[in-house]
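Colleague: Please take a close look at one part of this model, its pockets. I would like a connected account of what lines them.

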Amino acid sequence: MSEDTGPKSRLAMKSDSSTPAAPLRGLGAPLRSSEPVRAAPPPSAAMVLLEEAADLLVVHLDFQAALQTCERAWRSLANDDAGISLEVKCSLCVVGIQALAEMNRWREVLSWVLRYYQVPEKLPPKVLELCVLLYSKMQEPGAVLEVVSAWLQDPDNQGLPEYRALAELHLQLVLLPLGCLSEAEELVVGSAAFSEEERLDVLQAISKARQQQKLQHSGSEEAQKLNQEGSFSHKFLSLTMLLRRLWYCAVSHFFSVPFKKSLLAALILCLLVLRFDPASPSSLPFLYKLAQLFHRIQEAMFSLYRLPIHD
């Protein structure tokens, strides 16, 4: 059972079927059935290798093969379009940096990147940011100090939208941790990327860091002085203990000889040196005093010898 569409509907259908479709604006003449469909240009060799390197890195976890594929892609970039090459180069660097970091060869990252860009000023901002984050995480921010400083000082880079983020990253992760406070102050004052409020905040942070640096320096000097004094005291104590040991050795050797023999040796010495006559009545007081003196020396020696020796 058909439904009547009415005259207006039949007229509209007739006009639609008889009127050819107007070509879309901007696409030129209508496509004829005899003309072949234009295929999209094939991807460049570098882009194919980039996809292969990313697949090796993420899916297969073959980091060495991913790095080698990136290097092959770099060699094939000579014949590619300049605009495409810039994007592909940056992506290749990202994959290569990740591959080197996964193989614990992160120290080679900066030299590997500069092998292809030759000068630090030409590094893409994204690549430079990855280098700063990597070396800062591995606690070696000094490795990227000169590279980032050269990039920030280049006039062509100062107009890039990523300049401010890289300048802040350089301040927080490189200059301040390394104690390069003068360089940090020069960067903040001489750069137009910071607002006045941000500049004041950073200068205040630099001032606090400079005060802490002075306190640490004075504390290290005091510690060094105390160490020197402690070393001198230790040497003096060691020398004192050595002399005491020598003294005790002499005392022990002295008392290893019987007392009577020592007294007899002293009398013989008096006879020989002073021509002293022990049989004379006038010599009795002298002999008595000499005996008392020997007893006192003996008691003193025993009291000293019984003292404990502390190392």
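Modeller: In this predicted model, the second largest pocket has a volume of about 220 Å³. Its lining is made of 15 residues, and those closest to the centre are Leu 86, Tyr 117, Lys 122, Leu 123 and Pro 124. The largest share is that of α4, with three residues. Sorted by class, the lining of the second largest pocket holds nine nonpolar residues, one polar residue and five charged residues.

The largest pocket contains about 300 Å³ of space. Its lining also numbers 15 residues, and Ser 149, Leu 152, Gln 153, Glu 183 and Leu 187 lie nearest the centre. At least two lining residues come from each of α7 (145-153), α9 (163-178) and α10 (181-190). In the lining of the largest pocket, seven residues are nonpolar, six are polar and two are charged.

Leu 130 sits in helix α6, which covers residues 125-137. Leaving aside residues up to four places away in sequence, Leu 130 touches Val 94 and Ile 97. Val 94 is 36 residues from Leu 130 along the chain, and the C-alpha atoms of the two are 7.9 Å apart. Leu 130 has a relative accessible area of 23% and is therefore partly exposed, since buried means under 20% and exposed over 50%.

Technical notes. Residues numbered from 1 in each chain as written. Predicted model: local features only at pLDDT ≥ 70, side-chain atom pairs only at ≥ 80, totals over all residues. Heavy atoms only, no water. 1 Å grid on protein atoms, 1.4 Å probe; cavity = no way out; pocket = protein on both sides within 12 Å on 5 of 7 lines; lining within 4 Å. Points joined across faces, edges and corners; volume = space filled by probe spheres on them. Helix = DSSP H or I, 4+ residues; strand = E, 2+ residues; numbered from the N terminus. Nonpolar A, V, L, I, M, F, W, Y, C, P; charged D, E, K, R; others polar. Buried < 20%, exposed > 50% of the residue type's maximum accessible area, 1.4 Å probe, protein only. Contact = heavy atoms within 4.5 Å.
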